[in-house]
Amino acid sequence: MTDRPLRLGTRRSKLAMAQSGQVAQAVRQLTGRAVELVEITTYGDTSREHLAQIGGTGVFVTALREAILLGNVDFAVHSLKDLPTGQPDELTLAAVPRREDPRDALVARDGLTLDRLPHGSRVGTGSPRRMAQLNAYARAHGLNIETVPIRGNVDTRIGYVRSGQLDAVVLAAAGLSRIGRIIEVTDFLSVDFVLPAPGQGALAIECAADNADLAAVLAELDDPYTRAAVTAERSLLAALEAGCSAPVGALADLLADGQVVTEMRLRGVVGTTDGSTLVQLSTTGPVPTSHGDAIALGRELASEMLAKGAAGLMGERAL
């Protein structure tokens, strides 16, 4: 049976199809086997409710995972930021390829940047995390903006700007890059002001835990630095007991001395969606050399954030 095509489960959105197509191409090159995309509709794709109300971004993952466990597909590609922090025993995270740009990006009318948005500008985002940090930035810099909750695919969201309903929308830079629309970005938001979602810009390739041969092949696509970074970020998220819809931002990056990577810095933020209160801290340590080290880095920062009052902000689910 080794020469039958490998079946890659994917959501139907343009972005998911682009991401899965890139992984399929890489797996074809690795194995010489055909890879076919199997489109799967998830509840998150069909529901019009706000993500926070239907269980966060995990709703995009469940149907793909079920397809693997039922044997309908061999493996699946997820946006890593959509993965719930708990990993089911029956599935293995076989590879985390090298991460794309983790930043958030602004697509605004008239080429505007965040700091040039006029008084009263309406900025669309479906993310409480982005709302909290955008509103905090606005307060700190004397900007008067209104954050507006939106849903929909990239076309829909950018369409709100093109039609004049919104002045700007905020999207993940990596997603725009993967579908060839990075040219539409008018401002990349510095991670010094807006930390991305844990795992943003990274992909997760998942297969059944008992499919050791496939897991070994997929592992060739793994980038150890990206895996260490996103593991630390997701450990922070888990230790804050935050779901995918909570207003938590995190980014682990590598600090280099010349050409030599010496340390990893992990930054975290949690805040109220109106931006009035933010708990933002960072920690720096040796680059994790094991899964356990990366987990520990996230837990350490989470405990410091909880001590500074983060727990009281985690209940903020209101959009």
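**Exercises on a predicted model**

Of the contacts (heavy atoms within 4.5 Å) in the protein with a separation of 6 or more, 71% are between residues 24 or more positions apart. The model is predicted, so local features need pLDDT of at least 70 and side-chain atom pairs count only at pLDDT 80 or more, while totals for chains, interfaces and linings use all residues. Residues are numbered from 1 along each chain as its sequence is written, and side-chain values use heavy atoms, without hydrogens and water.

**Exercise 1.** Determine the order of the strands in the open sheet and identify its edges.

*Solution.* Begin with the elements: helices (H or I, at least four residues) and strands (E, at least two) are DSSP runs, numbered from the N terminus. Two strands pair if DSSP finds at least two bridges between them. The 5 strands follow the order 7-6-8-5-9, with mixed pairing. Strand 7 (145-149) and strand 9 (187-188) each have a single partner strand, so one side of each lacks a neighbour in the sheet.

**Exercise 2.** Describe how strand 5 and strand 8 are joined, and which helices pack on the sheet.

*Solution.* Strand 5 (residues 104-108) and strand 8 (residues 168-172) run antiparallel and are joined by 5 bridges. Within this pairing, Asp104 is opposite Ala172 in strand 8. Helix 4 (residues 128-140) packs on the sheet and touches strand 5, strand 6 (121-125), strand 7 and strand 8. Helix 5 (residues 154-162) also packs on the sheet, touching strand 5 and strand 8.

Technical notes:
Axes are lines fitted to C-alpha atoms, for helices over the stretch in contact, and angles run from 0 to 180 degrees between N-to-C directions.
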